[in-house]
Amino acid sequence: MSDNISATIDIPKSRFIKPCGMTSDNAPLDPVTIVIFGGGGDLSRRKLIPTIYHLFKENLLPDDFSVIGFGSPPDGDDVSYRERIVLSIKEFEPGLYEKEGFDTFLNHVFFEGGYFDDISKYENLKKRLNSSPGHNVIYYMSVHPSFLPQIINNIKSCSLNDTNYNPRIVVEKPFGTDQKSALELNSLLHSCFEENRIFRIDHYLGKETVQNIIYLRFANIIFEPLWNRNNIDSVQITVAEDIGVEHRGKFYEQAGVVRDIVQNHILQLMAFIAMEPPVGFDADAIRDEKVKVFNSIRMMDDEYVSKNCVQGQYGSGMIGGQKVSGYRDEFRVASDSKTPTFFAAKMFIDNWRWADVPFYVRTGKRLPKRCTEVIICFKRPPLKIFGTACDDIEQSLLRIRIQPNEQISFFTNVKYPNDAYRMSRVSMNFDYKDYFKEKNYPPYSRLILDCLKGDLTLFVREDSIKALWSIVDPIINKLESSEYTCPNYSAGDWGPVEADNLLKRDGRSWYTD
Ligand code: BG6
């Protein structure tokens with residue numbers, strides 16, 4: 001099919017659209033120094049350093065870049081840090097490691113060993129930064145949130161937030177533990193950096209398939225007329241994991257599933273599905289629309305939560321033919337823990353487009369498989385004219401599978417061959433891997449690259465943080481004060497039976513294949 005016709009049709013353009021031939025992907029990047037606080041820690045070794053190495057291999061970093069790890073061990077130096085980096089990459093990303101060119105990469109990497117409260121180390125850091133004048137500086141907070149006040153105050157005391165460094169700060173989730181702590185963290189950050197220098201990460205936003213929701217909805221005219229309460233019966237969002245809490249028991253005991261996944265990943269997915277068309281693919285244009293969604297999600301009081309939210313915790317069971325232990329037997333988990341590892345809810349977005357359309361969401365650990373997907377369930381046609389009175393017409397579904405097999409599938413009813421009255425639901429399928437030859441970059445690559453470019457589109461703005469916590473705080477408060485039997489689902493099940501009942505009583509069921 002030729003594109004010539006569409007190329008000659010002049011349609012109005014958003015005022016945010018880039019000039020022809022220029023996209024943010026080919027804009028040259030300024031020299032940069034990335035300072036990783038917690039440079040020797042787990043996230044850094046598993047994700048950040050391998051990601052930066054990946055960007056280096058793909059020639060996506062500016063020629064003039066440096067990475068400075070900061071933190072433990074206090075007696076660490078450049079040489080020992082480089083040795084640890086080689087080991088980490090070989091351990092966590094063995095397929096990425098290539099001997100050729102690796103030493104060149106390592107020549108860009110340095111280490112400042114020290115405790116976060118030791119101001120002299122920040123002075124050393126400053127000397128290192130001053131030795132590369134003209135570099136933008138990114139401070140990546142890959143540390144436990146309890147260290148943030150110390151680090152940010154020391155950055156301020158040593159004037160490392162001076163605009164000469166064109167500084168940006170990246171803050172990992174969890175961003176606070178409730179609205180109060182999140183607002184305190186926002187003010188702490190604002191005491192040092194302007195909002196447009198603050199990059200709050202939710203790695204789901206770096207996933208290609210999550211971003212693609214915006215393309216699917218707004219680069220095609222066919223969906224938008226249907227995308228509302230007149231045609232959509234309900235929406236299902238599933239974020240299922242087959243893994244347990246692994247080595248993160250201590251963190252998870254304090255977090256629980258709602259803080260870990262709902263407050264961020266699930267609600268971000270919901271915003272992409274529900275938002276109004278932004279006026280451009282511009283950071284604030286998109287973030288303005290998302291925050292409107294968050295502010296329209298129906299507030300959940302105790303009575304609402306009791307009726308429409310389900311919590312669960314896994315016991316032992318079988319996954320993929322293997323016996324796995326229950327949550328209470330995991331490392332650093334209390335033997336009488338009540339921490340939920342599963343959550344399901346019916347939510348509503350009280351705005352013109354979505355009034356009365358239920359959004360059923362569920363997430364959990366030790367579910368039968370790893371699968372993140374959104375299913376748009378369309379209403380049935382208004383009149384039954386096929387088959388017999390007692391036949392069911394199945395709903396048409398649009399399934400957006402975020403991972404692991406990235407796909408978009410449209411399920412519709414067609415005539416069954418040779419049978420005059422019979423219908424059958426079939427699928428039309430688009431599979432990313434089959435269609436595109438390019439391999440998806442891991443989410444961190446995209447996010448780090450955007451941070452180098454100063455593009456905030458895929459990062460969470462302060463007003464969203466406030467709104468997100470105002471949605472989940474009442475849920476957490478009610479769930480934490482409620483009695484429930486633990487464990488209430490076996491590893492390998494789709495959560496407790498109440499999660500199924502939540503839909504069953506509305507005459508619906510979870511779509512799972
Ligand atoms: C993290 C959570 O944010 O997301 C983890 O803290 C979870 O508990 C992980 O396992 C899931 O991410 P992904 O990309 O594997 O779906």
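**Around the ligand**

Modeller: Start at proline 404, in the loop that joins strand 15 (397-403) to strand 16 (407-415). Strands here are DSSP runs of E of at least two residues, helices are runs of H or I of at least four, and both are numbered from the N terminus. This is a predicted model: local features need pLDDT of at least 70, side-chain atom pairs count only at pLDDT 80 or more, and totals for chains, interfaces and linings use all residues. Residues are numbered from 1 along each chain as its sequence is written, and side-chain values use heavy atoms, with hydrogens and water left out.

The peptide bond from glutamine 403 to proline 404 is cis, with omega near 0°. Most peptide bonds are trans. Glutamine 403 also reaches the ligand: a polar atom of its side chain lies 2.6 Å from a ligand oxygen. That is a polar contact (a pair of N or O atoms within 3.5 Å).

Two further side chains make such contacts. Histidine 265 places a polar side-chain atom 2.7 Å from an oxygen atom of the ligand. For lysine 365, an N or O atom of the side chain is 2.8 Å from a ligand oxygen. The protein covers 82% of the 400 Å² of accessible area that the ligand has on its own. Those areas come from the Shrake-Rupley method with a 1.4 Å probe.

Now the whole shell. Lys173, His203, Tyr204, Lys207, Glu241, Arg248, Asp260, His265, Lys365, Arg370 and Gln403 surround the ligand. To be listed, a residue needs a heavy atom within 4 Å of it. By class, the shell holds 7 charged, 3 polar and 1 nonpolar residues. Asp, Glu, Lys and Arg count as charged; Ala, Val, Leu, Ile, Met, Phe, Trp, Tyr, Cys and Pro as nonpolar; the others, Gly among them, as polar.

Next, helix 9, residues 249-274. Helix 9 packs against helix 14 (residues 462-481) at about 145°, with the axes 10 Å apart. Axes are lines fitted to C-alpha atoms over the stretch in contact, and angles between N-to-C directions run from 0 to 180 degrees.

How values were computed: Polar contact = N/O pair within 3.5 Å; in protein donor to acceptor, adjacent residues only side chain to side chain.
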